[in-house]
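Dear colleague,

Please find below the structure that I am handing over to you. My notes on what was found in it follow directly after.

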Amino acid sequence: MANFNIDSKKDRTYDAIVIGSGISGGWSAKELTEKGMKTLLLERGRNVEHIKDYPTTNMMPWEFAHRERMPKEVVDANPIASSCYNFKESSAHFFVKDDEHPYIQEKPFQWIRGYQVGGKSLLWARQTQRWSQFDFDGPARDQFAVEWPISYKELAPWYTHVERFAGITGNKDGLDTLPDGDFLKPHDLNCVEKYFKQQVARQYKDRHIIIGRAAHITDAKQIHFDQGRAACQHRTMCERGCPFGGYFSSNASTIPWALKTGNLTLRPDSVVHSLIYDEKLGKAVGVRVVDSLTKEMMEFYARIIFVNASALNTNLILLNSISTRFPNGLGNDNGLMGKYVAFHNYRATVSADYDGFLDSTTDGRRPNSGYIPRFRNVYKQETDFLRGYAAGFGANRVSYNDRSDMGEDLKAGLMETKYGGWHVGSHMMGETIPKESNFVALDGAEKDAYGMPKLRIHVAYDDNDEKMVKDYMEQMTEMYTQAGFTNIRTHDSHRIPGNDIHEMGGVRMGKDPKTSLLNKWNQLHNVKNVFVTDGAAMTSTSTQNPSLTYMAFSARSVDYAVKQMKAKNL
Amino acid sequence: MTYFYDSRVTENGIELTESILRKNMERRSALKNIALAAGAMISLPTWAQSWKQSELQATNYLSVEASQLLKEVVEVIIPKTDTPGAGELGVADFVQLMIVDCYDQPTQDRFKMGLERIQALAKAQGTSFSKLPQPEKLQLLKGLEKSENSEEKSFLNLLKNLTIQGYMSSEYVMTNLTHYEMVPARYHGCVPVKG
């Protein structure tokens, strides 16, 4: 039996373990396996194989019994999941049920989760804007959180690295506020979007309307064919999973790539309970896993561990990794783990009408939109609130059918498409300021079905966010007015935090172990063989959709970790 | 309530259809059949069925007679011309499924009462709705649409909207009339408006 145990332990030992197979974990696994590391990729949800496990991907609209609307009973039983714009008949199976994965809302927080191989990379909005140095400078300049330990210049080559592989469409706009990347050809801005771009450029030297940079293959290169992916076909049904691999997901891209190296072991249905800390060795030696099917607990071992469980679950796992050395969570000597959680403020929208370009319309569909990079407080502080917001912007030609009658007249009316004017719309993406009072913590008593403590989430807007909502509405209204848009409507949805699906922080990077958890290599200051490269690592949030930055951090951090292993420092 | 991820619907569908024709069916099975008619032909793997509701709702919603009336009514709203009308395209089944699955109990009750109101108005003319001449059927519905009674008006609006939705999203219309493109493979930001 002794031999059996030794063999068993050997069988459960790898060079590296990656916790979580979403957008950042997929990248960690790809980079590790490419560098020859025998890697165990743990995913708490079920397996989702590219194409094979996209059951709705080729369904026609009429094949959805409720035409994508979710039945009332499901909506009523799942207020959190159903608050997500992407939760519908064709994609519901990629979301978790509220009652199966409970947490405690100390303040209202809609925690949107996708527990399966690929995680939320199947569901994401695919916007991939780089950060600029202005974004990294934020906390130090404006005296909040802590100074970022990394510069744009250090991260830039890694942005390029992940962009080439993932396939990012975009236009080289030459803006210092939103650096250009390694882009595939851009999507079109439409007539009214281009018009607005010109009008805004005429009025403001620092405000720009550009086409979004997005993880869609617009002209496939060899590197994409090598992944088995083809160009995006403009179906705009991404949340079903794409049979072409037209957009980037772990499932279509990094995971099959890692599997192809022969170095990856993918283990779905594996809920990580905690990391195992060896007091004598002074490092983490493995992870404890609850098999979600058998509820059996088992251990796996490795020289290095990447925690990519998604921002809040990474906090949960590390806080739950208790040892004599670390009674408050792994690497948490300063007690800051779980604190300084922030998110993006998506509350406000501004829409309007435009009656120009009445002889024109658009043709086809576009899985992307216009984008307005942050222009507030970029070069210096200029408002009564800190930081600023980016915004999405889009225009569409209004078309409709005459539905006024009944009988044959109605039937004829429905077959005749009529055109109205153009509709324009915008939504804000505001930076929120990380604060100690916005935090997550473990509940002392309540546990979930896997024996994990429930997460208590205590995150809310503050006065800075209120002022930003107001300013965004005012500035957009001014820009719309100058462009001749009419019937301008501002709206504050009071969207609940979490619903932006951009929760970040809790295990922040920083220069000083006294005030941060991770160093500039996303490495726990106090447990050098543990790396965190998902949203938990974020010191501040800036305004960009964050996934691209997590990908770049993951690739950069793996590069560092493997070099350290080879130099026998890890 | 029936949800299309329920694979039993697909497996037992044909048999259920026959049994409905044979005898006055138990309501639960009829609803299963509606899901079938509404296009629930896709069989999904077990894990994708995780959102289906465990039990069919035990309520009796529309009687066989009311279901038949609904079919006649949607056919009046969008009638057969040189192309099929809403009745023939199964839109009544879609409307009923949506009402039962996606609306609250008061709305379901008001919808049922609305159908009863249609029959009552026909009776007041000394006949049943199905025996009214076509122009009178249309007049009756238009009367409800313009009714001073807000319940009648909102019933008709809901019925009409769901009928239009069901018709426009039917396989026949999207395939043959509006030419739905599953895979456009393009986006052009500025093209001339046709015609």
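I begin with two helices of chain B: α3(B) passes α4(B) in a right-handed crossing (a crossing is left-handed if the near helix is turned anticlockwise from the far one by less than a right angle, and right-handed if clockwise). The two axes come within 8 Å and cross at roughly 120°; axes here are lines fitted to C-alpha atoms, for helices over the stretch in contact, and angles run from 0 to 180 degrees between N-to-C directions. On the α3(B) side the contact is made by B:S67, B:L70, B:K71 and B:V74, and on the α4(B) side by B:V91, B:A92, B:V95 and B:Q96. Two residues are in contact if their C-beta atoms, placed from the backbone, lie within 7 Å. By class, five residues of this contact are nonpolar, two are polar and one is charged; Ala, Val, Leu, Ile, Met, Phe, Trp, Tyr, Cys and Pro count as nonpolar, Asp, Glu, Lys and Arg as charged, and the others, Gly among them, as polar.

Please note that this is a predicted model, in which local features need pLDDT of at least 70 and side-chain atom pairs count only at pLDDT 80 or more, while totals for chains, interfaces and linings use all residues. Residues are numbered from 1 along each chain as its sequence is written, and chains are lettered from A and ligands numbered from 1 in the order in which they are written.

Chain B as a whole has eight helices and one strand, and from the N terminus on its elements run α-α-α-α-α-α-α-α-β. Helices (H or I, at least four residues) and strands (E, at least two) are DSSP runs, numbered from the N terminus. Of the 195 residues in chain B, 35% are buried; a residue is buried if 20 or more other C-beta atoms lie within 10 Å of its own, with C-beta atoms placed from the backbone.

One buried residue is B:F111, with 25 other C-beta atoms within 10 Å. B:F111 is found in helix α5 (residues 105–124) of chain B. Leaving aside its neighbours within four places in sequence, B:F111 is in contact with B:I99, B:F155 and B:L158.

Turning to the interface, the contact between the chains takes 52 residues from chain B and 43 residues from chain A. On the side of chain B that touches chain A, β1(B) gives the most, with six residues. That side divides into 37 nonpolar, nine polar and six charged residues. Strand β12 (residues 360–364) of chain A pairs with β1(B) in the antiparallel sense over four bridges; two strands pair if DSSP finds at least two bridges between them. Within this pairing, B:H188 of β1(B) is the bridge partner of A:D363.

Chain A also holds an open sheet of three strands in the order β3-β17-β16, with mixed pairing. Its edges are β3 (104–105) and β16 (439–447), each with a single partner strand, so one side of each is left without a neighbour in the sheet. Five bridges join β16(A) to β17 (residues 453–458), and these two run antiparallel. A:L455 in β17(A) is the bridge partner of A:L442.

As to confidence, chain A has a mean pLDDT (the predictor's confidence in each residue, from 0 to 100) of 97, and 99% of its residues reach 70 or more. Confidence in chain A is lowest in helix α1 (residues 2–11), at a mean of 72, and highest in helix α2 (residues 23–34), at 99.

Yours sincerely

How values were computed: A residue is buried if 20 or more other C-beta atoms lie within 10 Å of its own, exposed if 12 or fewer, and partly exposed in between; C-beta atoms are placed from the backbone.
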